[in-house]
Amino acid sequence: MHPPRPLHRRRWLAWAAQLGLGAAALPTPARPAAGDPDGFWARARQGGHLLLMRHARTEAGLGDPPGFRLDDCRSQRNLSDAGRDDARRLGQRLVQEGVRLDAVYSSAWCRCTETAALAFDPHHPPHRVWPALNSFFQGQGDGVRQTREVLQRARQLQAPANWMLVTHQVNITALTGAHPAMGEVFLTRPHPREAALEVLARWRA
């Protein structure tokens with residue numbers, strides 16, 4: 001789920017003002033990795049990271065159909081067959097690379113829970129729904145509160161543990177200032193000076 005345009009500087013500054021931050025809170029978007037020049041997998045094996053994943057590829061569309069319900073997957077925009085394959089491949093790659101996941105959290109949207117179930121449940125602790133990861137696209141939810149909650153929880157994470165969070169573009173952009181593709185994973189940690197997550201590397205199948 002994503003807005004019509006990426007969250008650019010002006011909108012990020014508005015977010016920072018709501019969170020009580022200054023202009024310095026605007027992170028610098030990380031560059032996409034080609035292969036693994038940023039050492040995504042080596043860093044992930046070290047632990048102590050929050051991995052942010054935008055759900056895998058979906059059927060065509062923007063947002064969800066009118067009147068959709070969280071308790072009815074048939075009413076939502078769901079994963080495509082290609083997205084399901086991508087999710088399975090990511091789970092297999094994590095195992096091959098020896099990356100440890102100590103917890104997997106997901107938005108309640110079916111495209112996120114299905115991504116988590118296909119990618120991580122067979123090899124890692126079963127995913128749990130965390131409402132702070134729910135989409136706040138088009139006024140749904142409370143983006144400021146949810147973003148703050150994730151940032152607060154992230155500061156409790158310590159190596160060698162890793163947490164995987166499966167969520168939506170709008171959530172990830174609010175946390176990092178960067179714009180993920182569907183199925184892309186950001187390797188992050190709390191920024192040492194700013195109320196944001198620092199993107200260290202990114203990976204996409």
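Four bridges tie β1 to strand β5 (residues 185-190), and the two run antiparallel. This is a predicted model: local features need pLDDT of at least 70, side-chain atom pairs count only at pLDDT 80 or more, and totals for chains, interfaces and linings use all residues. Residues are numbered from 1 along each chain as its sequence is written, and side-chain values use heavy atoms, with hydrogens and water left out.

**Strand β1**

- Helices (H or I, at least four residues) and strands (E, at least two) are DSSP runs, numbered from the N terminus.
- Two strands pair if DSSP finds at least two bridges between them.
- β1 spans residues 49-54, and six of its six residues are buried.
- Buried means under 20% relative accessible area, exposed over 50%, and partly exposed in between (1.4 Å probe, protein chains only).
- In a regular strand the side chains alternate between the two faces of the sheet.
- Both faces of β1 are covered: one carries His-49, Leu-51 and Met-53, the other Leu-50, Leu-52 and Arg-54, all buried.

**Cysteines**

- The whole structure holds one disulfide, defined as a pair of cysteine sulfur atoms within 2.5 Å.
- It joins Cys-73 to Cys-110, with an S to S distance of 2.0 Å.
- The torsion about this S-S bond is about -80°, so the disulfide is left-handed.
- Cys-73 lies in the loop between β1 and α3 (81-97) and Cys-110 in helix α4 (residues 110-119), so the link ties together parts that are 37 residues apart in sequence.
- Cys-73 counts as partly exposed because its relative accessibility is 39%.
- Cys-110 has a relative accessible area of 6%, so Cys-110 is buried.
- Cys-112 is in no disulfide; the nearest cysteine sulfur, that of Cys-110, is 9.3 Å away.
- Cys-112 is buried too, at a relative accessible area of 0%.

**Nonpolar cores**

- A nonpolar core is a set of buried Ala, Val, Leu, Ile, Met, Phe, Trp, Tyr and Cys residues joined through side-chain atoms within 4.5 Å.
- The largest has 23 residues, and Phe-40, Leu-90, Leu-94, Phe-120 and Met-164 have the most contacts inside it.
- Elements giving two or more residues to this core are α2 (40-46), β1, α3, α4, β4, β5 and β6 (197-203).
- A second, separate core of 20 residues includes Leu-50, Val-150, Trp-163 and Leu-175.
- Neighbours within four places in sequence aside, Phe-40 is in contact with Leu-51, Val-185, Phe-186, Leu-187, Ala-201, Arg-202 and Trp-203; contact means heavy atoms within 4.5 Å.

**Aromatic rings**

- Rings of Phe, Tyr and Trp (its six-membered ring) pair if their centres lie within 6.5 Å; planes under 30 degrees apart count as stacked, over 60 as edge-to-face and the rest as tilted.
- There are five aromatic pairs in the structure.
- One of them, Trp-41 with Trp-203, is edge-to-face, at 5.3 Å centre to centre and 70° between the planes.
- Trp-41 lies in helix α2 and Trp-203 in strand β6, so this pair ties together parts that are 162 residues apart in sequence.
- Both Trp-41 and Trp-203 are buried.
- Ring pairs link Phe-40, Trp-41 and Trp-203 into a cluster.

**Arg-153 over two rings**

- A charge sits over a ring if NZ of Lys or CZ of Arg is within 6 Å of the ring centre and within 35 degrees of the ring normal.
- The charged end of Arg-153 sits over the ring of Trp-130, 4.2 Å from its centre.
- Arg-153 also lies over the face of Tyr-105, at 5.9 Å from the ring centre.
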